[in-house]
Amino acid sequence: MELKETVRSSFHAGGPENDSFLQFVDSAQSMLASLGKNEKEEVKGEEYNGPPWTWVCSHILTTCKAYSSGVTSAILLSELFQAWQEQSRVKSSKGKLSNNIMSDKRQKKNRRRLQNTVTIDSIYEKKFLPLDGVLEAVIVDIFVLPGTSCYMLSLGDPWSSNTIDLYLHRKFYDLVEPEHGILRKNREIRLTGCRLRTSTGSGQPRLLPTDYLVILLDEEQDDDFMLLGAQFCSDSFSSIAMDAVEAGNGYCFYARVEKVGRVEVQGKSGHLKRRQILIADSCSSKLEFVLWDEQILLSNLFSQGSWIALDKPFIARDSDCGIETTAGICLEYGSATRLYCVPNVYREEQVIVGPSQTCSQLTRPLNMSSCSTLECGSQAARVSQVLLPCDSEGSLDFSNFPFRLFVVDLQNKMTNFSLYGVVTFLGRAHGESNNIFHMKIQDSTGCMVVKLCFNKSWSAGKICCGHTVFISGLACYRDAEGRLECSWHENNENTSIASISDLPTLLNSICLHHVCSLSELSTEMNNTQVCRVLIGSVELHRLNIELLHSHCGHSVNQEHNGLFMCSFCLCGCDGEVISGFSFTITLLDDSAKVCAYCSGQSAAELLQVLPDEFCAWPEDEQAMYLYTIQNEEFMVAICKNMYSNDYNRKAHDMDPDSGMPTWRVARALKCD
């Protein structure tokens with residue numbers, strides 16, 4: 001059965017939420033899991049081989065945004081299959097590298113792959129390497145380029161059959177000794193900021209020198225343990241003396257990465273970038289390790305919880321870096337600085353999963369990197385137990401969890417998970433900064449308020465109460481009073497917010513929606529519905545043209561001083577104001593007639609004219625135009641008309657005397 005037919009049959013079978021987009025995600029995940037099970041060469045037990053639910057949903061939305069004019073199930077499945085095949089090739093270590101050196105170490109130390117990791121095979125295939133790409137490699141061979149004094153490292157990785165040569169940066173020459181040096185055969189390294197030198201002839205591509213290289217150490221190896229003890233454990237942050245620094249003395253430190261801060265823009269021109277990394281030594285003294293501009297790439301080579309050894313870092317006064325610290329000093333990556341890393345070892349927790357996979361209920365704290373007792377078919381696949389990476393603070397990482405999580409599943413110390421549901425409240429809390437918003441999401445199991453932390457201000461496009469949304473990169477924790485809270489930070493990795501209701505592709509793609517009649521609309525159904533309707537009357541005296549904030553699509557008010565203030569963002573928006581329609585419209589089909597509210601983009605799509613152009617017409621011409629568009633046929637995305645701009649009122653408390661209709665048109669598309 002084709003995926004499109006599967007989605008439609010499941011809709012008529014009365015799925016739990018009657019959401020065709022959601023059903024497509026589940027069916028696509030099931031198909032990819034089935035393909036992975038058929039193609040996997042070595043299956044250990046009943047290990048789950050498919051993509052995580054969050055990954056599938058995120059990639060479908062990414063593809064929909066790239067094909068705004070519409071997609072087919074074939075396009076979506078092709079894109080998904082290609083992306084998953086690429087990721088699976090990177091993840092699956094099949095021992096291609098001779099003697100499986102790096103693979104064995106990875107299994108032993110239980111390390112996770114870093115963000116932006118690229119494979120050597122992919123470099124050969126694409127003949128391209130992004131500047132922020134990370135290579136996790138092992139030194140296969142070391143040699144001197146004939147006729148020169150240049151050291152070359154031949155690198156391999158556990159996911160590739162090829163090796164690639166690197167011109168070693170001269171900063172590391174004194175560490176080279178093929179058998180017994182710090183840089184020797186079988187040593188693991190990480191590097192970034194690489195530039196690729198491709199040959200026009202039959203020669204192989206090579207990597208040009210980069211000083212953004214980190215040498216990996218293993219405390220269980222005697223040589224590495226002695227190196228750390230002899231060179232890096234004698235100095236501590238409290239032993240730093242600025243007189244000695246100014247006299248040219250160097251220091252070596254061994255410290256744990258406590259926090260990797262976000263990238264900040266400095267200077268009036270906005271071109272200077274800075275990232276602060278908080279590190280703590282064995283005495284619990286803390287300093288900021290500051291990276292500037294291109295040096296920020298180095299932060300991709302280690303993660304929170306890792307230990308780093310800093311050989312001769314540049315020591316500066318904090319005032320010179322534009323920051324304030326209690327110690328009055330900070331560390332920087334200087335021309336003589338070299339970094340070593342003892343990677344963070346993630347432990348895993350194995351926990352039993354509840355028997356009901358319909359709602360993916362979890363009976364107690366979960367875990368995942370492998371699954372057992374799994375049956376592929378629909379999202380109702382059964383997993384008896386899973387493993388999840390757990391950090392030093394006990395937080396579980398759900399980024400690779402195979403199934404959709406619901407509100408009822410949320411527990412303390414969950415990170416990197418996603419929610420899919422309907423927005424029942426959206427607004428700013430009075431007195432909070434401009435970048436903090438609160439969104440209440442409801443699914444079939446309950447509601448959860450999410451605290452949204454943007455870098456500057458709202459940047460998620462138009463989202464209204466009643467919209468169906470997908471939000472990833474969430475974290476759950478308990479506050480000081482023991483209440484469960486959920487937060488989202490824009491600057492974190494793999495975070496996204498998308499409104500399914502406002503997605504242009506939704507109406508253009510028959511695989512993502514089911515057309516229902518107006519009589520089937522029910523206030524008991526929370527998700528967005530798609531209907532084929534005729535336009536009824538639009539009265540000119542009830543059609544408003546208002547100012548909207550281009551960033552969020554909400555109305556703008558003009559203050560007494562002439563400045564514009566967004567009613568939603570509660571901040572000034574001069575230079576970010578556009579005109580938009582708002583009105584109530586009658587929609588009808590053969591089964592029923594309903595009134596719906598329209599504003600902004602959906603209103604312009606229904607009227608098929610721009611507000612500024614409409615305003616330039618005489619009044620009688622405006623009335624005539626509204627009359628001529630009656631009975632034109634449209635596909636519309638309809639959701640509940642819930643509204644709230646006040647954080648202290650409940651979003652579902654509608655004023656029955658306000659005259660606001662029950663429904664809102666989120667998007668509209670004229671039928672040919």
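## Helix 13 and its cover

In this predicted model, the buried residues of helix 13 (residues 619–628) are covered by elements that include helix 11 and helix 12 (611–615). The buried residues in question are Q622, Y625 and L626. Viewed along the axis of helix 13, they fall within an arc of 100°, and therefore line one face of the helix. An α-helix has 3.6 residues a turn, so residues three or four places apart point the same way. On the face of helix 13 turned away from the buried side are the exposed residues D620, M624 and Y627.

Helix 11, one of the covering elements, spans residues 600–607 and contains A603. A603 is buried, its relative accessible area being 0%. Leaving aside residues up to four places away in sequence, A603 touches F581, F583 and C598. The C-alpha atom of A603 is separated by 8.0 Å from that of V665, a residue 62 positions away along the chain.

Strand 34 pairs with strand 33 (residues 633–640) in the antiparallel sense, over 7 bridges. Within this region, A637 has R667 of strand 34 as its bridge partner. Strand 32 (residues 593–599) runs parallel to strand 34 and is joined to it by 2 bridges. A596 has its bridge partner in strand 34 at W663.

## Nonpolar cores

The largest nonpolar core has 41 residues, and those with the most contacts inside it are F417, M439, V450, L452, W458 and I471. At least two residues of this core come from each of strand 18 (385–390), strand 20, strand 21, strand 22, strand 23 and strand 24 (484–489). Strand 20 supplies the largest share, 6 residues. In soluble globular proteins, nonpolar side chains tend to be buried together.

M439 illustrates the contacts in this region. With residues up to four places away in sequence set aside, M439 touches V423, F425, L426, M448, V449, V450, L452, W458, I463 and V469. Another core, of 35 residues, lies apart from the largest one and has L168, F172, L183 and L228 among its members.

## Aromatic pairs

The whole structure contains 21 aromatic pairs. One of them joins F21 and Y420, whose ring centres are 6.3 Å apart and whose planes meet at 5°, so the pair is stacked. This pair links distant parts of the chain, with F21 in helix 2 (residues 20–39) and Y420 in strand 20 (residues 414–427), 399 residues apart. Both F21 and Y420 are buried.

F437 and W458 form an edge-to-face pair, with 5.2 Å from centre to centre and 70° between the planes. F437 lies in strand 21 (residues 436–443), while W458 lies in the loop between strand 22 (446–453) and strand 23 (468–478), so the pair ties together parts that are 21 residues apart in sequence. F437 and W458 are both buried. These two residues also belong to one aromatic cluster, together with F454, W488 and F568.

## Positive phi angles

K312, which is not a glycine, has a positive phi near 55°. K312 is located in the loop between strand 12 (307–311) and strand 13 (314–317). With a relative accessible area of 43%, K312 is partly exposed.

K413 is likewise a residue other than glycine with a positive phi, here about 60°. K413 is found in the loop between strand 19 (396–397) and strand 20. The relative accessible area of K413 is 37%, and the residue is partly exposed.

## The protein as a whole

The secondary structure comprises 13 helices and 34 strands. Of the 672 residues in the protein, 51% are buried. Among contacts with a separation of 6 or more, 62% are between residues 24 or more positions apart. The accessible surface comes to about 30900 Å², and carbon and sulfur atoms account for 48% of it.

Notes. Residues are numbered from 1 along each chain as its sequence is written. This is a predicted model: local features need pLDDT of at least 70, side-chain atom pairs count only at pLDDT 80 or more; totals for chains, interfaces and linings use all residues. Side-chain values use heavy atoms; hydrogens and water are left out. Helices (H or I, at least four residues) and strands (E, at least two) are DSSP runs, numbered from the N terminus. Buried means under 20% relative accessible area, exposed over 50%, partly exposed in between (1.4 Å probe, protein chains only). Contact means heavy atoms within 4.5 Å. Rings of Phe, Tyr and Trp (its six-membered ring) pair if their centres lie within 6.5 Å; planes under 30 degrees apart count as stacked, over 60 as edge-to-face and the rest as tilted. Accessible areas come from the Shrake-Rupley method with a 1.4 Å probe; for residues, only the protein chains shown count as cover. The arc is that of the directions from the helix axis to the C-beta atoms. A nonpolar core is a set of buried Ala, Val, Leu, Ile, Met, Phe, Trp, Tyr and Cys residues joined through side-chain atoms within 4.5 Å. Two strands pair if DSSP finds at least two bridges between them.
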